[in-house]
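Subject: Handover of a structure and its findings

Dear colleague,

Please find below the structure that I am passing to you.

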Amino acid sequence: MRYAISYVSTKSPSVKEEEIYKVLEDSCSYNNENNITGLLVYFDGNFFQLIEGEKEAVRELFYNKIKKDSHHRNIIKFLEKEITNPAYDGYDCDIVNNQFKIDTSKLHKYINHLKVLDPEVRKPVTAILKSIIPDIESRLATTS
């Protein structure tokens, strides 16, 4: 059974900005090795993550790794449910902020993933991505 969890969190104050690259790299490696798909975006001191995979693997990752990870604080889970259609064909990580502009090809990939999400999942994920990428709505309109 496919399953999805999505959350936002804040970077712990003790974590240096330079460490974020390592967090993203480790997350991508672990998730790709464990058949977990989705997206992790770091923006202005915050993380947004959507993970999909087999229910046990996704729950294990969220409840036994992420929730206990000292890189995060103020974890707010806003989605946890069974899904019918996997939206991701791998696991992507990115940094989005004023210093690191988003790669346009990655943005198009994120937008395409949004289009195939279950409608109940698409709404909150789109809302979060809008807060990260302010002009995503206009980009969504031009890629439809």
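A residue is called buried when its relative accessible area is under 20%, exposed when it is over 50%, and partly exposed in between, using a 1.4 Å probe and counting protein chains only. By this rule phenylalanine 62 counts as buried, because its relative accessibility is 1%. Tyrosine 63, at 28%, is partly exposed.

Please note that this is a predicted model, in which local features need a pLDDT of at least 70, side-chain atom pairs count only at pLDDT 80 or more, and totals for chains, interfaces and linings use all residues. Residues are numbered from 1 along each chain as its sequence is written, and side-chain values use heavy atoms, with hydrogens and water left out.

Confidence

The pLDDT is the predictor's confidence in each residue, from 0 to 100. The chain averages 77, and 67% of the residues score at least 70. Among the elements, helix 2 (residues 55-66) has the highest mean pLDDT, 94, whereas helix 5 (residues 136-143) has the lowest, 56.

Overall architecture

Helices (H or I, at least four residues) and strands (E, at least two) are DSSP runs, numbered from the N terminus. The chain contains five strands and five helices, and their order from the N terminus is β-α-β-β-α-β-β-α-α-α. Of its 144 residues, 47% count as buried. A contact means heavy atoms within 4.5 Å. Among the contacts with a separation of 6 or more, 76% join residues 24 or more positions apart.

Two strands pair if DSSP finds at least two bridges between them. Strand 1 (residues 2-11) pairs with strand 3 in the antiparallel sense over nine bridges, and strand 2 (residues 37-43) is joined to strand 3, also antiparallel, by seven bridges. Isoleucine 51 of strand 3 is the bridge partner of isoleucine 5 and also of glycine 38. Strands 2 and 3 form a hairpin with two residues between them, and aspartate 44 in the turn has a positive phi of about 45 degrees.

Nonpolar cores

In soluble globular proteins, nonpolar side chains tend to be buried together. A nonpolar core is a set of buried Ala, Val, Leu, Ile, Met, Phe, Trp, Tyr and Cys residues joined through side-chain atoms within 4.5 Å. The largest core has 13 residues, of which Phe48, Leu50 and Val125 touch the most other members. Strand 1, strand 2, strand 3 and helix 4 (119-132) each give two or more residues to this core, and helix 4 supplies the largest share, four residues. A second, separate core of nine residues includes Tyr7, Ile51, Val58 and Phe62.

Aromatic pairs

Rings of Phe, Tyr and Trp (its six-membered ring) pair if their centres lie within 6.5 Å; planes under 30 degrees apart count as stacked, over 60 as edge-to-face and the rest as tilted. There are four aromatic pairs by this rule. The rings of tyrosine 42 and phenylalanine 47 form a tilted pair, because their centres are 5.1 Å apart and their planes stand at 55 degrees. Both of these residues, tyrosine 42 and phenylalanine 47, are buried. The rings of phenylalanine 62 and tyrosine 63 have centres 4.9 Å apart and planes at 85 degrees, so this pair is edge-to-face. Ring pairs also link Tyr7, Phe62 and Tyr63 into a cluster.

Yours sincerely
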